[in-house]
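Me: I am new to this structure and would like a close look at a single part of it. Please take me there step by step, in one connected answer.

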Amino acid sequence: MEEKQPAIKVENVKKIYKLYDKPSDRFKEAFGLAKNRHKEHYALNGVSMEIMQGETVGIIGTNGSGKSTILKIITGVLNQTEGEVTVNGRISALLELGAGFNMEYNGIENVYLNGTMMGFSEKEIDEKLPEILKFADIGDYVYQPVKTYSSGMFVRLAFAVAINIEPEILIVDEALSVGDVFFQAKCYQKFEEFKKLGKTIVFVSHDLSSISKYCDRVYLLNRGQLLGDGSPKEMIDAFKRVLVGQYEIPDETEEHDIALPEDGVNPELLEYGTKQAEMTEFYITDEKNVRTTAVIKGSEFTIHVKVKFHERIVAPIFAFSLKNVKGTEITGTNSMIEKAFLEPVREGSVKEVTFTQKMSLQGGEYLLSLGVTGYAGSDFQVYHRLYDVLNITVVSDKDTVGFYDMNSKVTVREAVDGEARIIPYRQEA
């Protein structure tokens, strides 16, 4: 039996970005007018991986852990600062919607554009086109410019191209979360076919149930460092410990000046209001009261907001809402709806507001908005609003259909001698 060789080998890879406080510092350093005006941010810090031919490997971690960065380096989209990367085999990658597509071209033209870029002749693309169009299943939209496509149609066509150009290595970064549940099921069936054909698959996902089901092995990244690799169960358990601050980070993290993400805060958030009341602090805690921006689906979490009142307000209303990354508002509430606080607040006082609830949203990325409003007589007043202020990552090991989980209890009954008998559900190990 032929011994399997590494399809991808990553050796001690570092990716360092220079961060400047202001654009003029970058200019001064570039032209030698000043030295060391930057801070170093390690997007990856000494990461090593070896992925064998025929393996399906997952990469998991919170936002800012380096998952997408390592995939971009493997595919050649980014260059590493240090270290070596070796790839043996033809790679097809689905990293970002729009990558490699001309938005003015129609679907057919983009299929030929991508196929040509991957080294196929026009005749070879002609032969593959029927299968690509069948898999994408977007009908006559294939003759329209892709700039008119919905994100779902876009990912259908992009994935159809990626899997039908006979790759030896398939790399997917969260893109499947855009498609509907039926298309996702079709994609994962294709994963199974690829596995049987001995192809190598590497994918990043917040859907831990897919990671657990399809992966032979999983790498866990955190803040640019590799924490470990092992079976899906081992690494998912370790990931959950990371989320609640109970995973021991290796000592070598202290040897470098690693710039950490600003707790998921959006640096370009939109805010407005009269500022008669002002939100001065906001953060999220998990069920163990640990600050985080990653919440395990099914667990309890709390949104904390500190509000300072610069004037007396008769009955302030405190609110939050959550939307997905496409901008669809999914859920939210406020203190008036919940009948939690309908009192006057004096000038100079500070209120600490908390919203505690169970996380029932599907695995993925969400944006939190906050507000303090009220009424002056019959006029509605906005004192302070913060839109898309925090990014929340929901980590799931069971995603159902749609935006949130109904937490259904399922029983199957079999009629035996005229009576119903409950058949217990046995979960596979």
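Reply: Cys187 is buried, with a relative accessible area of 0%, and Cys215 also counts as buried, at 7% relative accessibility (buried means under 20% relative accessible area, exposed over 50%, partly exposed in between, with a 1.4 Å probe and protein chains only). The structure holds zero disulfides, a disulfide being a pair of cysteine sulfur atoms within 2.5 Å. This is a predicted model, in which local features need pLDDT of at least 70 and side-chain atom pairs count only at pLDDT 80 or more, while totals for chains, interfaces and linings use all residues. Residues are numbered from 1 along each chain as its sequence is written, and side-chain values use heavy atoms, with hydrogens and water left out.

The part to look at closely is helix 8, residues 232-243 (helices, H or I with at least four residues, and strands, E with at least two, are DSSP runs numbered from the N terminus). Helix 8 has 12 residues and reaches 16 Å from its first C-alpha to its last, close to the 16 Å expected at 1.5 Å a residue, where the expected span is 1.5 Å times one less than the number of residues. Its buried residues are Pro232, Met235, Ile236, Ala238, Phe239, Val242 and Leu243. Seen down the axis of helix 8, these fall within an arc of 160°, so they line one face of the helix; the arc is that of the directions from the helix axis to the C-beta atoms. The elements they pack against include helix 7 (208-214), strand 8 (217-222) and strand 9 (225-230), with contact meaning heavy atoms within 4.5 Å.
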